[in-house]
Amino acid sequence: FILAENEQGLVMVDMHAAHERITYEQLKAAQADGGIKSQRLLVPVTVSLSESEATASEEIAEALIALGFDAVRTGLQSVTVKAVPSLLADVDASRLFLDVLSEFRDFGSSRRLQEAQNDLLSTMACHGSVRANRRLTLTEMNALLRAMEMTERSGQCNHGRPTWVQLSKSELDRLFLRGR
């Protein structure tokens with residue numbers, strides 16, 4: 001959590017939920033602006049799959065490209081991921097690919113895929129967000145707070161939970177039994 005003070009009192013921020021919303025909105029904007037950019041991996045990652053999963057990855061290759069993936073089937077039960085969405089370049093490429101592939105398979109038809117696009121972007125955003133137990137530097141905390149100020153709907157994460165809460169000075173005074 002990030003604790004910050006403003007004119008009204010104390011602000012408590014769930015850094016994972018806030019970063020997830022910021023990443024989600026960035027992915028949506030990138031997709032609307034001509035597609036999600038890819039980041040080539042320095043070392044491609046080979047992902048072991050079932051034969052049906054490997055086949056499915058070939059069938060949805062164009063949709064994966066639109067999401068920023070470059071993945072090619074390299075065996076009966078394997079796919080090599082050569083690029084991932086640039087906003088998520090620091091995540092576990094194998095896990096991200098498996099989760100996105102799983103969601104594609106669950107959604108089925110391309111019409112339903114279109115309807116579920118935001119769910120896919122939400123899953124990707126979750127993978128790309130800072131983890132709750134990670135220690136952020138003061139610079140990182142400030143950058144996250146500034147990004148929240150500029151992000152649409154930053155008051156709640158992709159799952160509807162609040163990303164921050166405010167305690168007023170009078171609430172803080174009551175908590176610490178001040179003014180009695």
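Which residue is the bridge partner of Ala4 in S2? Keep that in mind as you read these notes on a predicted model.

1. **The answer, and the strands around it.** Val11 is the residue that partners Ala4 across the bridge in S2. A second pair to look for is Asn6, which stands opposite Gly9 in S2. Strand S2 covers residues 9-13, and five bridges join S2 to S1 in an antiparallel arrangement.

2. S1 and S2 belong to an open sheet of three strands, in the order S1-S2-S6, and the pairing is antiparallel. Strand S1 (2-6) and strand S6 (164-168) are the edge strands, since each pairs on one side only. Leaving direction aside, neighbouring strands here are turned by 20 degrees against each other on average. Helix H7 (residues 138-150) packs on this sheet and touches S1, S2 and S6. The direction of H7 makes about 65 degrees with that of S1.

3. **A closer look at H7.** This helix has 13 residues, and from its first C-alpha to its last it reaches 19 Å, close to the 18 Å expected at 1.5 Å a residue. Which residues of H7 are buried? They are Leu144, Leu145, Ala147 and Met148. Viewed down the axis of H7, these buried residues fall within an arc of 160 degrees, so they line one face of the helix. Here is a general idea that helps: an α-helix has 3.6 residues a turn, so residues three or four places apart point the same way. On the other side of H7 you will find Leu138, Thr139, Glu149 and Met150, which are exposed. The buried residues of H7 pack against S1, S2, S6 and helix H1 (15-32).

4. **A second sheet.** Now turn to another open sheet of three strands, ordered S3-S5-S4 and also paired antiparallel. Strand S3 (38-48) and S4 stand at its edges with a single partner strand each, so one side of each has no neighbour in the sheet. Its neighbouring strands are turned by 20 degrees against each other on average, again with direction ignored. S4 is joined to strand S5 (residues 78-85) by five bridges, and these two strands run antiparallel.

5. **The buried side of H2.** Helix H2 spans residues 51-59, and Ala54, Ala56 and Ser57 are buried in it. Why do they share a side of H2? They cover an arc of only 160 degrees around the axis, which puts them on the same side of the helix.

6. **A pair of rings.** How many aromatic pairs are there? The count comes to one. The rings of Phe69 and Phe97 have centres 5.9 Å apart and planes at 70 degrees; an angle over 60 degrees counts as edge-to-face, so that is how this pair is classed. Phe69 lies in the loop between helix H3 (61-66) and strand S4 (70-75), while Phe97 is in helix H4 (residues 93-107), so the pair ties together parts that are 28 residues apart in sequence. Both Phe69 and Phe97 are buried.

Note on methods
Residues are numbered from 1 along each chain as its sequence is written. This is a predicted model: local features need pLDDT of at least 70, side-chain atom pairs count only at pLDDT 80 or more; totals for chains, interfaces and linings use all residues. Side-chain values use heavy atoms; hydrogens and water are left out. Buried means under 20% relative accessible area, exposed over 50%, partly exposed in between (1.4 Å probe, protein chains only). Helices (H or I, at least four residues) and strands (E, at least two) are DSSP runs, numbered from the N terminus. The arc is that of the directions from the helix axis to the C-beta atoms. Two strands pair if DSSP finds at least two bridges between them. Axes are lines fitted to C-alpha atoms, for helices over the stretch in contact, and angles run from 0 to 180 degrees between N-to-C directions. Contact means heavy atoms within 4.5 Å. The expected span of a helix is 1.5 Å times one less than its number of residues. Rings of Phe, Tyr and Trp (its six-membered ring) pair if their centres lie within 6.5 Å; planes under 30 degrees apart count as stacked, over 60 as edge-to-face and the rest as tilted.
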